[in-house]
Structures are given as C-alpha cells and as structure tokens.
Amino acid sequence: MRMRIMYHFSNGPVINMSDCKYCGCSGWFFALSKSGLCQNCGHMVSLEIAQRRDSFRDAAERASQTGNPHSKIARLDQALSHLEALAKLEERGIEALEGTASDQLKARKEERDRLILETSRRETEEALAKVSGAQGPKAKIATCQALLLKLSEYKLKLSDAAPLSLLERRLQDCAHQIRLNELLEKAKEEEDAGRRDSAYGLYREAAGFLKASDMDPDLRTRHLVRLNGKLKELKPK
C-alpha cells in the first residue's frame, strides 16, 4: 500500500505525497486538495460531478413522470449512463454523490430490468395476438420477426437476458410453425387433388425445413415423426 505523507509549509499549501486520484500526478510536484486532487483535476472533476448529478436527477425525474414504457426505459438509460460515470469516480476514491453512486446504480439497473421484462412479456403476448389476426404467412412471420429484433435490443440492456431467451424461443417457434403450416397446407391440397408426386415433394420440403430449423427439439421431433409417416405413405413405387 502506498504511504500517504503530507507536509505543511508555513503559509503554504498542503503537500500530499500521494498521487492525484484522477490523473495520477505525484504530490511531490503538485499540491493536492483534501479530496486528493491536483488543482487542474479538482476544477475539472467538480464540473463533471455537478453536470452529471444534475443530468442524472433530470433523467430520473422524467422517467418517474412518464407512463410510456419505451420513454421510461430511454430515460432510465440516460440516468444509468451518468450513474456509471459517477461510480467510476467513486472507484478512484472521489466522492461523487450523496450516499454512493454504486448503490443507486444497482437499484436503477434493477428497476430498468423489471420494466424491460414486463414490457417484453406484454409485447410478446400482443405480437402473438396480432399473428392470429394477420392475413397470410408473410404478414404473420413479419410480426414475429419485428418483435424478435426488439427483444435482441432489450437483451443488450439486461443484466440477465435468460428470461428474454424464453420469449425469443416462443416467437421463433411461432414463426417456424407458420412456415411449416404453409408447406403442409400446400402438400395437403396436392394430395387431396390426387397429385401424389407433387404432394410428396412438398412434404419432403417440409421435412427438410424442419431439420434445418432451430425449432424446439421436442416439437421438431413430433412433427418429423408425422411427416416421415406421410412420406412413407406417399413414396413413389
């Protein structure tokens, strides 16, 4: 551990033998304040702390006032960016916020995580409801893919993204099922019309799609068992 030595000169500044907590310059050459900062860093850090405190409080207040979850998440992101900077100053031993920035940072992250999870679950249910009412496979799949993109953005913000992975799985399986149903419906139409070769080709395409997809393994296996039975039934002599 570096020894902290301070010399007092008559009518002069306190000479601190430690280094400046911000820039690391030695107290042998620069007088340090009681906060452990050289004169240049003391002024700069004081300005940064004041600006970030004000910006953090403004973002936190705006977050508490809005009922729109996306606006709230954006405001919490802003508040967290300022808290993270203040917490880094605290790690250097520089007092940056009443209480500790690290404690507030943890609390705000937990608040944002809860909001993101609540919003993701609600939007997933809404997307699945839209899929049921959408016209045509392309529109249905596009609805799933739009939310999957949003979930991937949410995951980058979360401390633990595992809960969103479960929601992604539901949407991915939904999109795969829509595509599979499209192929199966076409195959059934060909089979009912007596075009066995064409139906066989479409059922094979459906089986190939399933094997290449990342659908839930158990669900994929159940579908493949049925498809293999249909392929055996229609296989050309």
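User: Let's start with proline 137: what does it count as, in terms of accessibility?
Analyst: Proline 137 counts as partly exposed, since its relative accessibility is 29%. Keep in mind that this is a predicted model.

User: Noted. Where does proline 137 sit?
Analyst: In helix α4, which covers residues 137-157.

User: And what does proline 137 touch, skipping residues up to four places away in sequence?
Analyst: Ile178 and Glu182. Proline 137 and glutamate 182 are 45 residues apart in sequence, yet their C-alpha atoms are 7.0 Å apart in space.

User: On to the helices, then. At roughly what angle do the axes of α4 and α5 cross?
Analyst: Roughly 165°, and the axes come within 10 Å. Angles over 145 degrees count as roughly antiparallel, so α4 and α5 are roughly antiparallel to each other.

User: Is that crossing of α4 and α5 left-handed or right-handed?
Analyst: The α4 and α5 crossing is left-handed.

User: Which residues meet there, between α4 and α5?
Analyst: From α4 you have Pro137, Lys140, Ile141, Cys144, Leu147, Leu148, Leu151, Ser152, Tyr154 and Lys155. On the α5 side, the residues include Leu164, Leu167, Leu171, Ala175, Ile178 and Glu182. By class, the contact of α4 with α5 has 13 nonpolar, three polar and five charged residues.

User: Staying with α5, where is histidine 176, and is it buried or exposed?
Analyst: Histidine 176 lies in helix α5, residues 162-192. With 15% relative accessibility, histidine 176 counts as buried, because the cut-off for buried is under 20%.

User: Which side chain does histidine 176 pair with in a polar contact?
Analyst: The side chain of aspartate 214, at 2.6 Å. Leaving out residues up to four places away in sequence, histidine 176 touches Arg169, Phe209, Ser213, Asp214 and Met215.

User: There's another histidine I wanted to check. What about histidine 82, where is it?
Analyst: Histidine 82 is in helix α2, residues 69-91. It counts as buried too, at 17% relative accessibility.

User: What does the side chain of histidine 82 make a polar contact with?
Analyst: With the side chain of arginine 52, at 3.0 Å. If you set aside neighbours within four places in sequence, histidine 82 is in contact with Arg52, Ser55 and Phe56.

User: Changing topic: how do α6 and α7 pack?
Analyst: Helix α6 (residues 196-212) and helix α7 (residues 217-234) pack at an angle of about 155°, and their axes are 10 Å apart. That makes α6 roughly antiparallel to α7. Their crossing is left-handed.

User: Which residues make that contact?
Analyst: On α6, Arg196, Ala199, Tyr200, Tyr203, Arg204, Ala206, Ala207, Leu210 and Lys211. On α7, the contact residues are Arg220, His223, Leu224, Leu227, Lys230, Leu231, Glu233 and Leu234. They divide into 10 nonpolar, one polar and six charged.

User: Let's zoom in on leucine 210 of α6. Buried or exposed?
Analyst: Leucine 210 is buried, with a relative accessible area of 0%.

User: And what is leucine 210 in contact with, apart from its neighbours within four places in sequence?
Analyst: Leu180, Met215, Arg220, His223, Leu224 and Leu227.

User: One last thing: how far is leucine 210 from threonine 221, between C-alpha atoms?
Analyst: They are separated by 8.8 Å, and the two residues are 11 residues apart along the chain.

Technical notes. Residues are numbered from 1 along each chain as its sequence is written. This is a predicted model: local features need pLDDT of at least 70, side-chain atom pairs count only at pLDDT 80 or more; totals for chains, interfaces and linings use all residues. Side-chain values use heavy atoms; hydrogens and water are left out. Axes are lines fitted to C-alpha atoms, for helices over the stretch in contact, and angles run from 0 to 180 degrees between N-to-C directions. Helices (H or I, at least four residues) and strands (E, at least two) are DSSP runs, numbered from the N terminus. Angles under 35 degrees count as roughly parallel, over 145 as roughly antiparallel, 65 to 115 as roughly perpendicular and the rest as oblique. A crossing is left-handed if the near helix is turned anticlockwise from the far one by less than a right angle, and right-handed if clockwise. Contact means heavy atoms within 4.5 Å. Ala, Val, Leu, Ile, Met, Phe, Trp, Tyr, Cys and Pro count as nonpolar, Asp, Glu, Lys and Arg as charged, and the others, Gly among them, as polar. Buried means under 20% relative accessible area, exposed over 50%, partly exposed in between (1.4 Å probe, protein chains only). A polar contact is a pair of N or O atoms within 3.5 Å; within protein, one must be able to donate a hydrogen and the other to accept it, and residues adjacent in sequence count only if both atoms are side-chain atoms.
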